[in-house]
Amino acid sequence: MKIAKILSAAAACAVASTLAVSANAQLTTVDETGIFKSGTGSWMPVVYSDGTFDSSEKDVTDPGFDCREIAVVEVTFTPDDPEWWEGEVGGAIVLSNKSASDSTHNWNGKEFWGVIDEDLDLATLDETKPVQAVKTGDLQYTLTMNVDDTNNVVDDYALVQVAVQEWSNGMTDITILGMTLKDASGNVLVSYDANGNVTTGAPSAPVDDTTPADTTTPDDNAAPAPSAPASDSKGSPDTGVEGVATVAGVAVVAAGAIVLSKKRK
């Protein structure tokens with residue numbers, strides 16, 4: 001493989017704007033597929049909301065677990081165009097929660113930069129960043145962020161979101177393939193697919209397995225009733241999410257003029 005690239009006069013600045021979601025929204029993203037335009041993006045499942053926010057924010061969402069249990073966030077992504085992929089990707093994972101008592105844990109993130117992919121001769125990983133990317137498949141990379149006192153969910157949380165933001169002005173867009181939240185023991189609390197749909201960990205509906213006692217007096221002369229065939233069917237949890245809405249997100253990074261040429265064999 002041979003790669004040639006000329007990159008000149010690139011500058012970036014961050015610009016924040018308002019997020020808006022419609023009723024029952026679970027995900028805020030830059031478009032309906034979760035693709036980031038280079039240097040622009042925020043992909044953000046809403047993990048929990050108590051519904052006390054105005055219409056510009058989040059409606060009631062409850063995953064069925066205590067968000068203070070979140071100890072690890074894993075995010076898997078892939079480049080959209082392998083021919084332009086040079087591992088130039090960076091940004092942050094943000095575990096954000098609103099609280100009446102603690103504003104320091106709102107939009108507190110940890111950064112990542114680059115990947116290592118020996119098959120593609122890519123070695124752009126910055127090992128000084130708190131979040132590291134590991135190759136987990138062909139053109140697939142997983143970011144792992146550990147939660148600590150600086151970015152944990154506080155006791156009186158009222159809104160919890162996990163945002164993946166891409167700031168890098170990379171050569172190609174990336175797609176978030178999914179996100180998984182785990183507890184300190186490595187158990188999956190909830191997982192999301194590329195569109196923010198819950199794929200595992202969703203709370204199941206309560207099952208009433210109580211059977212009323214039979215109070216009928218048995219008739220000793222009656223023939224025994226035939227036994228019903230045993231059933232091995234089991235109820236399965238409802239893991240679907242209805243009414244997932246995707247709308248425009250935040251964190252825009254403006255790039256300067258970019259001139260490049262590239263050839264890959």
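**Entry 1: serine 168.** I found serine 168 in the loop between strand E12 (157–166) and strand E13 (174–182). Strands here are DSSP runs of E with at least two residues, numbered from the N terminus. The model is predicted, so local features need pLDDT of at least 70 and side-chain atom pairs pLDDT 80 or more, while totals for chains, interfaces and linings use all residues. Residues are numbered from 1 along each chain as its sequence is written, and side-chain values use heavy atoms, with hydrogens and water left out.

Is serine 168 buried or exposed? It counts as buried, because its relative accessibility is 12%. Buried means under 20% relative accessible area, exposed over 50%, and partly exposed in between, with a 1.4 Å probe and protein chains only.

Next I looked up what serine 168 touches. Leaving aside neighbours within four places in sequence, serine 168 is in contact with Gly39, Glu88, Val89, Gly90 and Trp113. Contact means heavy atoms within 4.5 Å. The side chain of serine 168 also reaches the backbone nitrogen of glycine 90, at 3.5 Å.

**Entry 2: the cavity.** I searched the whole structure and found one cavity of 30 Å³ or more. A cavity is a set of points on a 1 Å grid, over the protein atoms alone, where a 1.4 Å probe fits but cannot get out; lining residues have an atom within 4 Å of a point. The volume is the space filled by probe spheres set on the points.

Which residues line the largest cavity? I listed Ser38, Trp85, Glu88, Val89, Glu166, Ser168, Gly170, Thr172 and Ile174. The lining divides into three nonpolar, four polar and two charged residues. Gly counts as polar in this scheme.

**Entry 3: aromatic pairs.** How many aromatic pairs does a search of the whole structure find? It finds four. Rings of Phe, Tyr and Trp (its six-membered ring) pair if their centres lie within 6.5 Å; planes under 30 degrees apart are stacked, over 60 edge-to-face, and the rest tilted.

The rings of tyrosine 48 and tyrosine 157 have centres 5.2 Å apart and planes at 85°, so this pair is edge-to-face. Tyrosine 48 lies in strand E4 (residues 42–49) and tyrosine 157 in strand E12, so the pair ties together parts 109 residues apart in sequence. Both tyrosines are buried.

Phenylalanine 77 and tryptophan 85 also pair edge-to-face, at 6.5 Å centre to centre and 75° between the planes. Phenylalanine 77 is buried at 1% relative accessibility. Tryptophan 85 is buried with a relative accessible area of 1%. Phe77, Trp85 and Tyr141 form one aromatic cluster.

Key
Helices (H or I, at least four residues) and strands (E, at least two) are DSSP runs, numbered from the N terminus. A polar contact is a pair of N or O atoms within 3.5 Å; within protein, one must be able to donate a hydrogen and the other to accept it, and residues adjacent in sequence count only if both atoms are side-chain atoms. On a 1 Å grid over the protein atoms alone, a cavity is a set of points where a 1.4 Å probe fits but cannot get out, and a pocket is an open set with protein on both sides within 12 Å along at least five of seven lines; lining residues have an atom within 4 Å of a point.
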